[in-house]
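I opened this notebook to keep track of what I looked up, entry by entry. The entries go from the whole chain to single elements and then to single residues.

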Amino acid sequence: MERTISGMMGKGSVNHNARAFSAKNVDKERSRDNVEFCHSDIKEVYHTLFDEALERYNAKQKRSDRKISDYYEKIRRGKQEKLFYEVIFQIGNKDDMNVQSNEGQLAKEILSKFMEQFQKRNPNLFVFSSHLHMDEQTPHIHIDFVPFIRNSKRGLDTRVSLKGALSEQGFKGGARGMTEWNEWIEAEKQELSKVMGRHGVQWKQLGTHNKHLSVLDFEKQERQKEVAELEQTIFGSKEELSDILHRQIEAGRETEQIRKEGEAIRQELNKMVQSKEVMERNIHTYDEDAKWQLAEQGALMSAKNYRDKKALPLVEKLKEVVKNLTIKCVQLTEQGRKLTAKVDGQQVQISRLTDKVMEQSNIIDRLQEKATDLGSLERHLGREQVQSIVERSKALEQAERAKKRPKHTFEMSR
């Protein structure tokens with residue numbers, strides 16, 4: 001049998017790949033059939049790969065402002081390199097390699113064998129997360145990796161670099177407009193086709209019937225396909241961005257509510273401080289004010305009169321004060337406990353909202369990259385041509401949706 005091979009750059013949603021959350025196109029009942037090859041925390045990966053190089057780099061810096069405290073954060077906030085990259089490989093499509101068919105199980109076995117040697121073939125691509133999905137329509141594998149080079153002459157001697165990593169593995173780019181990434185993808189497809197061959201599946205390479213086209217025309221045709229695919233991605237991303245903005249508004253509301261609650265807590269604490277100060281002032285009066293002092297026994301006053309008229313009234317007043325102070329202390333202690341519980345709850349909410357904002361920021365960064373890619377294609381092909389391709393893509397999508405709508409037949413009888 002012959003089957004196509006797809007190899008493309010992925011969105012890099014590690015939580016989605018690990019099924020920390022599931023999209024609408026995922027059949028959760030079949031998620032148990034997925035394969036997790038590895039799944040490590042990317043921050044720990046950065047420590048493993050770059051901490052020693054970071055220490056060497058900082059030791060050479062004479063100015064403290066040139067030192068890097070956290071290499072992970074430097075890359076995350078920078079624009080030159082991404083924290084990590086993702087590649088997706090798939091054999092066939094939903095019609096000829098459906099996950100619920102025998103062919104789909106064969107695809108699973110082939111992709112698993114392909115993954116076994118992936119890290120060995122790519123020593124400059126540190127794979128920290130890899131998952132084979134069997135809960136969508138066609139088996140496919142997500143491979144997330146950090147590309148790095150050693151013996152760099154600038155920055156850290158071991159640092160993040162996709163171009164450099166692929167170049168060290170022999171992919172130089174430049175041949176007929178091919179980039180290092182495209183050359184590497186083609187080489188990995190060849191490796192996948194070898195595994196397929198051992199399982200009786202041949203690589204069906206598309207586009208061979210267009211060999212009569214000139215190189216320039218063929219490249220234009222390929223770019224048109226890329227634009228159409230990019231438009232499909234952006235079309236879906238618009239809805240995703242709208243959902244993100246809605247969640248950010250909700251997060252803003254929750255944050256404002258937390259701010260109000262925090263202000264209320266602050267006011268309660270102020271009241272408690274004021275109560276404490278009042279209590280302290282009152283305590284001082286017991287030492288200094290004459291009315292709280294036990295009077296001297298007069299020469300002509302009997303012990304009984306002194307006890308009844310002087311000592312006992314003062315003792316009763318002091319008992320009342322102690323009782324009131326005890327009640328106040330219990331009240332303040334209870335208030336303090338409740339306020340502490342409120343603050344703990346707010347910290348949990350703030351942590352959750354911070355995680356939301358971080359996740360949304362990562363998604364927005366990816367959407368911005370897609371928009372930049374579209375801008376590059378517009379500059380290369382021209383805005384009008386790109387817009388034409390986009391409109392055709394939308395029309396095709398609408399036609400596909402129309403085909404999928406159920407047709408109703410109405411019978412009329414007299």
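**Entry 1, the whole chain.** I took helices (H or I, at least four residues) and strands (E, at least two) as DSSP runs, numbered from the N terminus. On that basis I found 10 helices and 8 strands in the chain. I noted that this is a predicted model, in which local features need pLDDT of at least 70 and side-chain atom pairs count only at pLDDT 80 or more, while totals for chains, interfaces and linings use all residues. Residues are numbered from 1 along each chain as its sequence is written, and side-chain values use heavy atoms, with hydrogens and water left out.

For burial I used relative accessible area, with buried meaning under 20%, exposed over 50% and partly exposed in between (1.4 Å probe, protein chains only). Buried residues make up 33% of the 414 residues in the chain. I then looked up contacts, meaning heavy atoms within 4.5 Å. Among those between residues at least 6 apart in sequence, 69% join residues at least 24 apart.

**Entry 2, strand S4.** I looked next at S4, residues 85-91, where 7 of the 7 residues are buried. Tyr85, Val87, Phe89 and Ile91 point one way from the strand, whereas Glu86, Ile88 and Gln90 point the other way. For its partners I counted two strands as paired if DSSP finds at least two bridges between them. S4 pairs in the antiparallel sense with S2 (residues 5-9) over 5 bridges, and Ser6 is the residue that stands opposite Gln90. S4 also pairs in the antiparallel sense with S6, over 6 bridges, and there Glu86 has Asp144 as its bridge partner.

H7 (residues 180-198) has 19 residues and reaches 28 Å from its first C-alpha to its last, close to the 27 Å expected. Among its buried residues are Trp181, Trp184, Glu188, Lys189 and Met196. Gly200 follows H7 and has a positive phi, near 80 degrees.

I used a 1 Å grid over the protein atoms alone, on which a cavity is a set of points where a 1.4 Å probe fits but cannot get out, and a pocket is an open set with protein on both sides within 12 Å along at least five of seven lines; lining residues have an atom within 4 Å of a point. Grid points are joined across faces, edges and corners, and a volume is the space filled by probe spheres set on the points. About 350 Å³ of space lies in the second largest pocket. Of its 16 lining residues, Lys74, Ile75, Gln80, Arg154 and Arg159 are the closest to the centre. H3 (71-77) and S7 (159-160) are the elements that give two or more residues to this lining, with the largest share, 3 residues, coming from H3.

Ile75 lies in H3 and counts as buried because its relative accessibility is 10%. Ile75 and Val160 are 85 residues apart in sequence but 8.2 Å apart in space, C-alpha to C-alpha. Leaving aside neighbours within four places in sequence, the contacts of Ile75 are Tyr46, Glu81, Lys82, Leu83 and Val160.

Is Glu136 buried or exposed? Glu136 counts as buried because its relative accessible area is 12%, and its place is the loop between S5 (125-133) and S6 (140-149). Not counting residues up to four places away in sequence, Glu136 touches His16, Arg19, Asn25, Val26, Arg30 and Val99.

Asn151, in the loop between S6 and S7, counts as exposed because its relative accessibility is 66%. Most residues other than glycine have a negative phi. I noted that Asn151, which is not a glycine, has a positive phi of about 60 degrees.

Notes. The expected span of a helix is 1.5 Å times one less than its number of residues.
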